[in-house]
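Dear colleague,

I am passing on the structure that follows, together with notes on what was found in it. Please read the notes beside the coordinates.

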Amino acid sequence: MKSLPQITPMTLSRQREPFDHPDWIFELKHDGFRCLAYIADGACQLVSRRRNTYKSFAPLKESLAELRVKNAVLDGEIVYLDAAGMSIFKDVLHRRGEPIFYAFDLLWLNGRDLRSLPLLKRKNRLQRLLDVHRPERVLFAKHIEEHGIKFFQAACNRDCEGIVAKRKDGIYSARGRKWIKIKNPNYSQGEGRGELFDGRKSRRSERRSARIWRGV
């Protein structure tokens, strides 16, 4: 993907309480793997926020590569959805089922850098792009304006992870104003999540220590 710049994803800050504001939009927070989709020359790479390129999710990459564009960069989340449309984190973690790309931003399109445009203009272009091409396995992240409190309550009632708040006029910059993640405090899939990743970190640490001990 030499024709595309390496982009640092927008970061999220955390806040406990939801809010209403006419200058903000609110999106559902799906539970999966955040990544950027780099599309060029009929191919797609999915790159994590830590700049690791995913080797899995081949059907998803194939679907995104079918977008009839010269090149593009989309920001989104890799998720696995159940029959009710709920994202199941353990399924994406263990690659069970069919991956979906939940697209919420368009950063680059056909050689043009869109990051300096206001958020709503970028989302409108993303929606038009997806409406025209209708790729399988790609969902557009819809949003509501102003009314974050009721939206958050509805997300909690459905046992979703939470919501994300974004300024309507916000540009896309790692140094700019951050997006705000407001998490459901009673999210059922969050139970034991710390222990799960602590265990994975411990196993990685043990393997790293073993390599050092062997002189690898």
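Which strands do the buried residues of α1 pack against? They pack against β3, β4, β5, β6 and β8, where buried means under 20% relative accessible area, exposed over 50% and partly exposed in between, with a 1.4 Å probe and protein chains only. The buried residues in question are Leu60, Lys61, Ser63, Leu64 and Ala65. Helices (H or I, at least four residues) and strands (E, at least two) are DSSP runs, numbered from the N terminus.

Some conventions come next. This is a predicted model, in which local features need pLDDT of at least 70 and side-chain atom pairs count only at pLDDT 80 or more, while totals for chains, interfaces and linings use all residues. Residues are numbered from 1 along each chain as its sequence is written, and side-chain values use heavy atoms, with hydrogens and water left out.

For the chain as a whole, the secondary structure comes to 5 helices and 11 strands, and 44% of the 216 residues count as buried. Of the contacts (heavy atoms within 4.5 Å) between residues at least 6 apart in sequence, 73% join residues at least 24 apart. The accessible surface, computed by the Shrake-Rupley method with a 1.4 Å probe, comes to about 12,400 Å², and 48% of this belongs to carbon and sulfur atoms.

Leaving aside neighbours within four places in sequence, Phe57 is in contact with Phe33, Leu46, Ile78, Tyr80, Val92, Arg95 and Pro99.

Strand β3 deserves a separate look. In a regular strand the side chains alternate between the two faces of the sheet. Both faces of β3 are covered, with Phe33, Cys35, Ala37 and Ile39 buried on one side and Arg34, Leu36, Tyr38 and Ala40 buried on the other. Pairing here requires that DSSP finds at least two bridges between two strands; β3 pairs with β5 in the antiparallel sense over 8 bridges, and 6 bridges join β3 to β4, again antiparallel. Ala37 has Leu74 as its bridge partner in β5 and stands opposite Leu46 in β4. The hairpin formed by β3 and β4 has 2 residues between the strands, and Asp41 in the turn has a positive phi of about 55°.

Two further backbone points may be worth checking. Most residues other than glycine have a negative phi, and most peptide bonds are trans. Asn110, although not a glycine, has a positive phi of about 50°; Asn110 lies in the loop between β6 and β7 and, at 41% relative accessibility, counts as partly exposed. Glu146, in strand β9 (residues 143-147), has a positive phi of about 75° and is also partly exposed, with a relative accessible area of 33%.

With regards
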